[in-house]
Amino acid sequence: MASLTLEMPGNALSALRYSPDEFAAEMRLAAAASWYEQGKVSQEIAARIAGLDRTDFLLALGSRGKESFRVDFADLDRELARG
């Protein structure tokens, strides 16, 4: 697994009331949710980025008011037209 180092303002963690580990987990989830929402990664990859299994990733999305499933309505219309 790759490792990254971020420099944050000294008061960022205390303002958010996160420990460094909590902050890292929140950043991973936020990035994974954003990339999943944009269609850049699948649910499976997003869950791995977030450090969660797919079920917990979907639950985390739901608890944050994010869509758990992306639907391309043009694709759906084509599928329905095929019968």
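I counted the salt bridges to start, and the total came to four. The model I worked from is a predicted one.

**Entry 1. Arg64 and Glu26**

I looked up Arg64 and found it in a salt bridge with Glu26, with 3.1 Å between the closest N and O atoms. Arg64 sits in the loop between H4 and helix H5 (73-82) and Glu26 sits in helix H2, so this pair ties together parts that are 38 residues apart in sequence. I then checked accessibility for both partners. Arg64 has 40% relative accessibility and counts as partly exposed. Glu26, at 26%, also counts as partly exposed.

**Entry 2. Glu37 and Lys66**

I went on to Glu37, which forms a salt bridge with Lys66; their closest N and O atoms are 3.9 Å apart. Glu37 belongs to helix H2 and Lys66 to the loop between H4 and H5, so the pair ties together parts that are 29 residues apart in sequence. I noted a relative accessible area of 48% for Glu37, which makes this residue partly exposed. Lys66 is partly exposed as well, at 36%.

**Entry 3. Glu44 and Arg48**

I found another salt bridge between Glu44 and Arg48, where the closest N and O atoms are 2.7 Å apart. Both residues lie in helix H3, four residues apart, or about one turn of the helix.

**Entry 4. The buried side of H3**

I stayed with H3, residues 43-50, and listed its buried residues: Gln43, Ala46, Ala47 and Ala50. They span an arc of only 100° around the axis, which is why they fall on the same side of H3. What do these buried residues pack against? I found helix H2 (20-37) and helix H4 (54-63) as their packing partners. After H3 comes Gly51, and I noted that its phi is positive, near 80°.

**Entry 5. Gln43**

I looked at Gln43 separately, as a residue of helix H3. Its relative accessibility is 10%, so Gln43 counts as buried, the limit being under 20%. What does the side chain of Gln43 make a polar contact with? I found the side chain of Tyr36, at 3.2 Å. Setting aside neighbours within four places in sequence, I listed the contacts of Gln43 as Tyr36, Arg54, Phe57, Leu58, Ser68 and Phe69.

**Entry 6. The nonpolar core**

I then looked up the largest nonpolar core, which has 12 residues. I wrote the members down as Leu29, Ala32, Ala33, Tyr36, Val41, Ala46, Ala47, Ala50, Phe57, Leu58, Ala60 and Leu61. Which elements give two or more residues to this core? I noted H2, H3 and H4. As general background, nonpolar side chains tend to be buried together in soluble globular proteins.

I took Ala46 as one member to follow up. Not counting residues up to four places away in sequence, Ala46 touches Ala32, Tyr36, Val41 and Phe57. Tyr36 and Phe57 were also on my contact list for Gln43.

Technical notes:
Residues are numbered from 1 along each chain as its sequence is written. This is a predicted model: local features need pLDDT of at least 70, side-chain atom pairs count only at pLDDT 80 or more; totals for chains, interfaces and linings use all residues. Side-chain values use heavy atoms; hydrogens and water are left out. Buried means under 20% relative accessible area, exposed over 50%, partly exposed in between (1.4 Å probe, protein chains only). The arc is that of the directions from the helix axis to the C-beta atoms. Contact means heavy atoms within 4.5 Å. A nonpolar core is a set of buried Ala, Val, Leu, Ile, Met, Phe, Trp, Tyr and Cys residues joined through side-chain atoms within 4.5 Å. A polar contact is a pair of N or O atoms within 3.5 Å; within protein, one must be able to donate a hydrogen and the other to accept it, and residues adjacent in sequence count only if both atoms are side-chain atoms. A salt bridge is a side-chain nitrogen of Lys or Arg within 4 Å of a carboxyl oxygen of Asp or Glu.
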